[in-house]
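Subject: Handover of a structure, with notes

Dear colleague,

Please find the structure below, handed over for your reference. My notes on what was found in it follow.

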Amino acid sequence: MSGGPPKALPSTGPHSLRDMPHPLAGSSSEEAVGGDSTPSPDLLMARSFGDKASALFHQTPREFHICSAASDGSTKACQDLILPNGGTPAGTSSPASSSSLLNRLQLDDDIDGETRDLFVTVDDPKKHVCTMETYITYRITTKSTRVEFDLPEYSVRRRYQDFDWLRNKLEESQPTHLIPPLPEKFVVKGVVDRFSEEFVETRRKALDKFLKRITDHPVLSFNEHFHVFLTAKDLNAYKKQGMALLTRVGESVKHVTGGYKLRSRPLEFAAVGEYLDTFALKLGTIDRIAQRIIKEEIEYLVELREYGPVYSTWSALEGELAEPLEGVSACIGNCSAALEELTDDMTEDFLPVLREYILYSDSMKSVLKKRDQVQAEYEAKLEAVAVRKEERPKVPADVEKCQDRMECFNADLKADMERWQNNKRQDFRQLLMGMADKNIHYYEKCLMAWESIIPLLQERQEAK
Amino acid sequence: MEQAPPDPERLLQPAPLEPLGNPDAGLESVVVEEADRPRDEGSGDGTMTENNFWLKKIEISVSEAEKRTGRNAMNMQETYTAYLIETRSVEHTDGQSVLTDSLWRRYSEFELLRNYLLVCYPHIVVPPLPEKRAEFVWHKLSADNMDPDFVERRRIGLENFLLRVASHPILCRDKIFYLFLTQEGNWKETVNETGFQLKADSRLKALNATFRVKNPDKRFTELKHYGDELQSVISHLLRVRARVADRLYGVYKVHGNYGRVFSEWSAIEKEMGDGLQSAGHHMDVYASSIDDILEDEEHYADQLKEYLFYAEALRAVCRKHELMQYDLEMAAQDLASKKQQCEELATGTVRTFSLKGMTTKLFGQETPEQREARIKVLEDQISEGEQQLKSKNLEGREFVKNAWADIERFKEQKNRDLKEALISYAVMQISMCKKGIQVWTNAKECFSKM
């Protein structure tokens, strides 16, 4: 993976499939072990690169330059490994402003929501403590007028591994479509408390977004597994039934993974592959910049919190100056509060969207790989036929079928990619405008605070 | 006068030890009488009455700084910075200012001037010099004495020092100060000829020396306390401010990374490309805007630093007062013990155990002649001591009066200056906020076009 940049793409596909945990494998320990149980050398390499990168990052804290693409290997590592040191800086989120993302997402969904007939929300996380494990479930409320839904409204509780199951099912049953990403499964232990309010809230929002993306999708939203996921009282029973199907589809995808070189990958898909590499790389950089800014801001906040009170201490010594000094102290206090709000908002609203898109690029790459495999299969068959062409005048049916499959795949994927591009553009416009707004808002608050003390300072002056 | 000839009744009383500054003290009338004399007695031969008003006609500036190399007293090569002092006469026929003098001085000469002022005007809160070395710096500021930014800030500080002295009602009349501005050569010699170093009380130099004063003046005790507190709070403030500046710098500079990454990202986007590209430009602007902001803020820090050093000057006045009170009390104590001895001799009673008492007992009574002679000697000493005490009392009152007048002046100046400093600080913050709003509004505009 750290080798030639363009070749990185084909090699990641099998991994992401192989690393997928079996949906039924150890229902109790899935989150803890999962795909990490058989780390591939590539993955380890990526880890160490990431660790090195992040270590460097910390050793020179006063270096403000964040390198974006020094070497492809290291940056790929950064993008594969969702920075362990990042996450949500502990103890800075306040639940008060947590609804803003939700509002934004809902607004955003309403843009093309006129013909909408399916509404899904994720809320009310609950912690379950059993003897074997502790986990969180989320309430999923579905409202729909679609005929497949017997009731107008459903409410079920699901845990993360159920979402994971759903995503795997979607990937199997809709291999030609781009499946939205789930939030990262693993958090580095000890860095983030999996049961902390902030973590659960961030994950809830991400899960909500995941379901909304599926709901918005013209094909995925009709998927049978999705329907079951939304409505089944007992999902585990259903999970067991589906086992046989999985193995079959899994094999059909796997058996063509040889290092076959495509003759003519359509240009548009080749371009998307390259685009995704750069895109993920840039987003990874933006993610690191954003985290670094938040870190700097929090450190700034710590100093401000000490700075303001010094003016108060001073004001206690003074007579005539007491009031102005106290004013400055209060003003700095107001600015600190505004800054805290800014960092909280950025942590809660900005970083998760970046994460989602970084993961999205991985989903996209894996579906592109599957497409390549289907094309490879077709080309291989076509070649075989070409050899025997003299003998048989007609192209055999299975080759035609294969061609159909490839063309369907291409069409599905193209539509999904267009949809994705569209979403991406809207999401980033909103995200970045939101960032600008938050900063403007912050400066406006500070401005107000400082402007309000000017008369206090001047009035005294003239009174004298 | 209240120091009447020894009155046996009063002799037993301890000498009056009221604090120097007590306005209710008995010698009020004397002080009033004395008030007609030139107040700046302490300045001695330095006073130039003929120059009383010259300060009004003159403008002072430190207009230039220059790096020089020379040899020091040890004949070692040294590099230093010289500052060009220009004085202009303002009251000219056509109202134009005319350059009257311009000369070069180095920092050490400023130091000499200030030391001279400190010794000669112990009752005055002498304006401080700018820091010798950059203190309370944050990472981006250089602590190098030859750093151009530092030299420039020091130039402003030195000019400020000269203006402070020139606008001081008493210091401005000092001859040495006048010569500092007008006579380049031989100035050092002239200063040293005043013998000010001899007048310097070495006890004052011991910074932490405290004198066990029995009867401290409450006002000065409070002032000293204030000076201590002020010094500690301002230095704390400066330390934290440096860290705040450091962090703020980081926040802005890290944003600069967006500039590059947006621009790189824009290369692969179609519709979003232009918006990203120009937003990236605004992020660059944002990151570089912090340099000017923090440079302005350094000026605020310098204003605070001046008062940090003023706090030390304030403490110096308090220390001087304490020392005078101490001397006064010692003199009073001495006098009291002499009076007691005298009384013992006169009445033949021994109130306390003493060597004399012992010898009397061992060797028998002295002859009346001897005793008379000793009483005579003691009485002479007592009257001398009383004169001394009286003059010390006078001196002390005079000091307190002058010092307090200057402290009042200083307090007013401090309140005015610091308020101004706070206003300008607030204005800086406002301008920073406005810049921030501007940049982010521009960026938002770009994002909205994506």
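Does B:Phe136 count as buried or exposed, and why? B:Phe136 has 21 C-beta neighbours inside 10 Å and therefore counts as buried; a residue is buried if 20 or more other C-beta atoms lie within 10 Å of its own, exposed if 12 or fewer, and partly exposed in between, with C-beta atoms placed from the backbone.

Before the remaining findings, two notes on conventions are in order. This is a predicted model, in which local features need pLDDT of at least 70 and side-chain atom pairs count only at pLDDT 80 or more, while totals for chains, interfaces and linings use all residues. Residues are numbered from 1 along each chain as its sequence is written, and chains are lettered from A and ligands numbered from 1 in the order in which they are written.

Backbone and surroundings of single residues

B:Phe136 sits in the loop between helix H3 (107-120) and helix H4 (148-166) of chain B; helices (H or I, at least four residues) and strands (E, at least two) are DSSP runs, numbered from the N terminus. Its phi is near 55°, a positive value in a residue other than glycine. Most residues other than glycine have a negative phi. A:Asp124, which is not a glycine, also has a positive phi, of about 50°. A:Asp124 belongs to strand S1 of chain A and, because it has 13 C-beta neighbours inside 10 Å, counts as partly exposed.

B:Ser102 is part of strand S3 (residues 98-106) of chain B. With 16 C-beta neighbours inside 10 Å, B:Ser102 counts as partly exposed. Leaving aside residues up to four places away in sequence, B:Ser102 touches B:Leu84, B:Ile85 and B:Glu86; two residues are in contact if their C-beta atoms, placed from the backbone, lie within 7 Å.

The sheet of chain A

Chain A holds an open sheet of 3 strands in the order S1-S2-S3, with antiparallel pairing; two strands pair if DSSP finds at least two bridges between them. Strand S1 (118-129) and strand S3 (153-159) of chain A each have a single partner strand, so one side of each is left without a neighbour in the sheet. Strand S2 (residues 134-144) of chain A pairs with S3(A) over 7 bridges in the antiparallel sense. A:Thr141 stands opposite A:Ser155 in S3(A).

Helix H6 (residues 197-216) of chain A lies across S1 and S2 of chain A and runs at about 150° to S1(A); axes are lines fitted to C-alpha atoms, for helices over the stretch in contact, and angles run from 0 to 180 degrees between N-to-C directions. Of the 20 residues of H6(A), 15 are buried.

H9(B) and helix H10 (residues 273-347) of chain B pack at an angle of about 170°, with their axes 8 Å apart. The two helices are therefore roughly antiparallel to each other (angles under 35 degrees count as roughly parallel, over 145 as roughly antiparallel, 65 to 115 as roughly perpendicular and the rest as oblique).

The contact between the chains takes 48 residues from chain B and 51 residues from chain A. On the side of chain B that touches chain A, helix H9 (218-266) and helix H12 (368-448) of chain B are the elements that give two or more residues. The largest share, 24 residues, comes from H9(B).

Yours sincerely
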